[in-house]
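Visitor: Could you take me on a close look at one part of this model, the surroundings of its ligands?

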Amino acid sequence: MTDSPLLQDRRLGRNQMTGLTVLGLETSCDETAAAVVRLDDEGRATVLASVIASQIAQHAPYGGVVPEIAARSHVEAIDAIAAQAMGEADLSYDDLDGVAATAGPGLVGGVMVGLAFGKAVALARSLPLVAVNHLEGHAVSARLGADVPYPFLLLLVSGGHCQLLEVGGVGACRRLGTTIDDAAGEAFDKIAKTLGLPYPGGPALEKLAVGGDPDRYPLPRARLGHKDCDFSFSGLKTAAARIAETLTTPDERRDLAAAVQAAIARQLRERTARAMDLYAQGHSGEALRFVVAGGVAANATVRAVLEDAAHSHGFSFTAPPLAYCTDNAAMIALAGAERLALGLSDPLDAPARPRWPLDAAAAAAHPSHLAGRKGAKA
Ligand code: KG4
Ligand code: ZN
């Protein structure tokens, strides 16, 4: 295998002083991931390595992520995964300019593993540490595969989150809407379970829906006509579960899967269209950019419906490459590099934060949005 020009330059001692090379670590849910990303002086990102060890097989017997199993599995995997990423990037720790680790939101036992590993590397190599908000990672993920300048309108749609955000830059997110109950990925997963599909349900439901008739089962259209940009999936979940109990044939299951997928995509479109109108009002005369990110952005129907909505509202459309839709460490490394480029880093006692809203002001103003005892989740 021939080396990339970037790596050849590095070995020859060129480019040493330009750009930032960052190790990213992601352990907030059921993927142990490490990546090395280089951000050049023009703000372009190159992924030098991205390694993801999925724990799906360990959680599958339980039908969902078991936090204790996740934390233990991250402890067992993190050394080897980080070493593999550094090996694939063909770099030593001395070649790094910083370490970025997810510090929340997520399952706190897992978050602590990656964050502690990142702190150890930072301390041992005298590198700056960036404690990255996982959601900020998803927010920058489209910039791993395309040139998407700030600002843009973001739909962040994953297993734990469903939010519309105006992204002005790193650390400058304003929330326009969020879910008042379940996240879209959570709806996919829970409905998939009632259809007897294995965890994780989203990709399994997408597979089952192929060739199905999305109009066979009418499903509720939550929040239609509401002026805000909030989502709700609990009515759809209940309706789908009731229908699922009555099904007997494979064709019926396939058609219900198609109807559920279409209903989730339709609501994402309707609420996003509302946010596009609001965003366009505040950015008249500017280039309008829309980005969808997070695990649910891997769904082809969701992508197609949102791309159509973007174009009919005068927005460009960008989704991350599929590998960077679901959880990965390249997006964490990039968020860290963008923060370092702005001179931002965190102390070595930065805490793991199970709940950490991107837009703290919006979360505090609407505490009913997924508020828990310890504050807003997302
Ligand atoms: O971003 P992600 O990996 O983790 C979180 O931060 O939540 O998203 C995982 C979620 C799961 O709910 C999964 O079912 C959903 O994304 N997902 C999908 C697809 N691939 C992943 N949902 C629908 N269709 C897919 N192809
Ligand atoms: Zn995620």
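Visitor: Of the 19 residues around ligand 1, which come nearest?

Guide: Happy to show you. This is a predicted model, in which local features need pLDDT of at least 70 and side-chain atom pairs pLDDT 80 or more, while totals for chains, interfaces and linings use all residues. Residues are numbered from 1 along each chain, chains are lettered from A and ligands numbered from 1 as written, and side-chain values use heavy atoms, without hydrogens or water.

Around ligand 1 there are 19 residues (a heavy atom within 4 Å), and G159, D189, E206, G295 and D327 come nearest. E206 also makes a polar contact (N or O atoms within 3.5 Å): an N or O atom of its side chain is 2.7 Å from a nitrogen atom of ligand 1. The side chain of S158 places an N or O atom 3.4 Å from one oxygen, while G202 uses a backbone N or O atom, 3.1 Å from an oxygen of ligand 1. On its own, ligand 1 has 550 Å² of accessible area, and the protein covers 89% of it (Shrake-Rupley method, 1.4 Å probe).

D327 leads us on to the zinc ion (ligand 2), which is coordinated by H134 through NE2, H138 through NE2 and D327 through OD, at 2.0 to 2.1 Å. Donors here are N, O or S atoms within 2.8 Å of the metal (3.2 Å for Na, K and Ca). Along the chain, the zinc donors follow the spacing H-x3-H-x188-D. H138 sits in helix 5 (residues 134-140), whereas D327 belongs to the loop between strand 10 (316-318) and helix 11 (330-341), so this pair ties together parts 189 residues apart in sequence.

T272 is buried, as its relative accessibility is 0%, and a polar atom of its side chain lies 2.5 Å from the backbone oxygen of L268.

Key. Helices (H or I, at least four residues) and strands (E, at least two) are DSSP runs, numbered from the N terminus. A polar contact is a pair of N or O atoms within 3.5 Å; within protein, one must be able to donate a hydrogen and the other to accept it, and residues adjacent in sequence count only if both atoms are side-chain atoms. Buried means under 20% relative accessible area, exposed over 50%, partly exposed in between (1.4 Å probe, protein chains only).
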